[in-house]
Amino acid sequence: MAAAFIPWVLVPWLLLVSGHQLDQDAQLVPAGEAGGSHYHHLHLEPRRTKRALPSGEEVLAAEKVDDATIAGGDALDLPTCLLCVCLTRSVYCEEVSPDMTAVPTLPKETVYLYARYNKIKRIAAKDFSDILTLKRIDLTGNLISEVEDGAFSKLLVLEELSLAENRLVKLPTLPNKLLSFNGNHNLLRTKGVKATAFKKLTRLLNLYLGNNQLEAVPQIPESVRTVHLQNNNITEISTDTFCKGNNTYYLRPNLNEVRMDGNPVLLAKYPNSFTCLKTLPIGRYH
């Protein structure tokens with residue numbers, strides 16, 4: 001009789017204790033008490049386990065509200081290092097959602113910025129005016145059609161700049177210490193690129209201007225090793241394009257790769273234009 005009575009006493013008691021423990025586990029610390037914003041709470045606070053959830057429907061409803069709150073905002077409304085990834089002195093803002101339509105406010109002493117494949121439309125003069133430590137800027141794959149005058153003028157240590165796969169019709173003024181410039185896949189025409197645009201870039205090693213609408217080859221600094229001009233509208237070249245027509249002893253040992261394939265120019269018509277080069281340009285000869 002005693003053995004039959006014990007289960008009737010123990011089972012309700014165990015259920016009561018278990019329910020009380022589940023209620024304690026299900027409690028959350030409010031975002032304000034955790035010391036962070038709503039966005040911080042949503043993404044950085046650990047998620048509750050299914051065992052501790054009051055109900056699956058309540059959780060789904062809460063997550064839908066939180067997601068809608070974020071999706072309805074603008075990328076510029078959020079701090080850069082929440083929107084992007086900041087590691088040491090590098091900032092990675094690639095394919096940001098919600099859409100990034102302008103250069104974000106960068107942390108002081110940023111050295112490397114990667115803001116590829118967003119919807120940035122223009123570069124303002126103020127965007128980089130206070131970030132004098134920048135050495136590399138990569139804005140590949142945006143919608144940039146305008147760069148304000150002086151946007152890069154204060155970046156005295158900038159070495160690499162990529163504006164590839166944008167909508168530029170005019171080449172911006174570039175810093176003199178640049179080592180590499182990538183302007184591939186834009187809408188650049190010769191009238192938007194001054195003949196002397198690269199003249200002062202005495203340290204430039206790599207110049208990429210392929211897949212544009214250039215009608216002529218700009219002046220190329222002596223330091224350049226690689227020039228890509230493929231798939232433009234270049235129809236002719238002269239003896240001064242790569243060499244010096246008045247100096248038959250002039251040599252350019254640094255310039256070892258010139259791509260001119262995909263242009264209407266017939267290179268075989270200009271045999272004296274390549275006498276200073278170690279290798280012939282890649283392009284159409286017949």
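**Surface patch and salt bridges**

Analyst: In this predicted model, a nonpolar surface patch is formed by Val 85, Leu 87 and Tyr 92, which together have about 260 Å² of accessible area.

User: What makes Tyr 92 partly exposed?

Analyst: Its relative accessibility is 33%. The label applies between the limits of 20% for buried and 50% for exposed, so Tyr 92 counts as partly exposed. Tyr 92 belongs to strand S2, residues 90-92.

User: How many salt bridges does the structure hold?

Analyst: There are 9 salt bridges.

User: Why is the contact between Arg 116 and Glu 94 called a salt bridge?

Analyst: The N to O distance between the two side chains is 2.6 Å. The criterion asks for a side-chain nitrogen of Lys or Arg within 4 Å of a carboxyl oxygen of Asp or Glu, so the contact qualifies. This pair links distant parts of the chain, 22 residues apart: Arg 116 is in the loop between strand S3 (112-114) and strand S4 (122-123), and Glu 94 is in the loop between S2 and S3.

User: How do you know whether Arg 116 and Glu 94 are buried, partly exposed or exposed?

Analyst: Arg 116 has a relative accessible area of 26%, and Glu 94 has a relative accessibility of 33%. Buried would require under 20% and exposed over 50%; therefore Arg 116 is partly exposed, and Glu 94 is also partly exposed.

User: What makes Arg 122 and Glu 146 a salt bridge?

Analyst: Their side chains meet at 3.5 Å, N to O, and the limit is 4 Å, so the pair is a salt bridge. Arg 122 in strand S4 and Glu 146 in strand S6 (residues 146-147) are 24 residues apart, and the pair links distant parts of the chain. With relative accessibility of 34%, Arg 122 is partly exposed; Glu 146, at 40%, is partly exposed as well.

User: Which parts of the chain does the pair of Glu 215 and Arg 189 tie together?

Analyst: The side chains of Glu 215 and Arg 189 form a salt bridge of 3.1 Å, N to O. Glu 215 is in the loop between strand S9 (206-208) and strand S10 (226-228), while Arg 189 is in the loop between strand S8 (180-182) and S9, so the pair ties together parts 26 residues apart in sequence. Glu 215 is partly exposed at 28% relative accessible area, and Arg 189 is partly exposed at 35%.

Note on methods: Residues numbered from 1 in each chain as written. Predicted model: local features only at pLDDT ≥ 70, side-chain atom pairs only at ≥ 80, totals over all residues. Heavy atoms only, no water. Patch = residues over 30% accessible without salt bridge, like charges linked within 9 Å, V, L, I, M, F, W, Y side chains within 5 Å. Areas by Shrake-Rupley, 256 points an atom, 1.4 Å probe, with all protein chains shown as cover. Helix = DSSP H or I, 4+ residues; strand = E, 2+ residues; numbered from the N terminus. Buried < 20%, exposed > 50% of the residue type's maximum accessible area, 1.4 Å probe, protein only.
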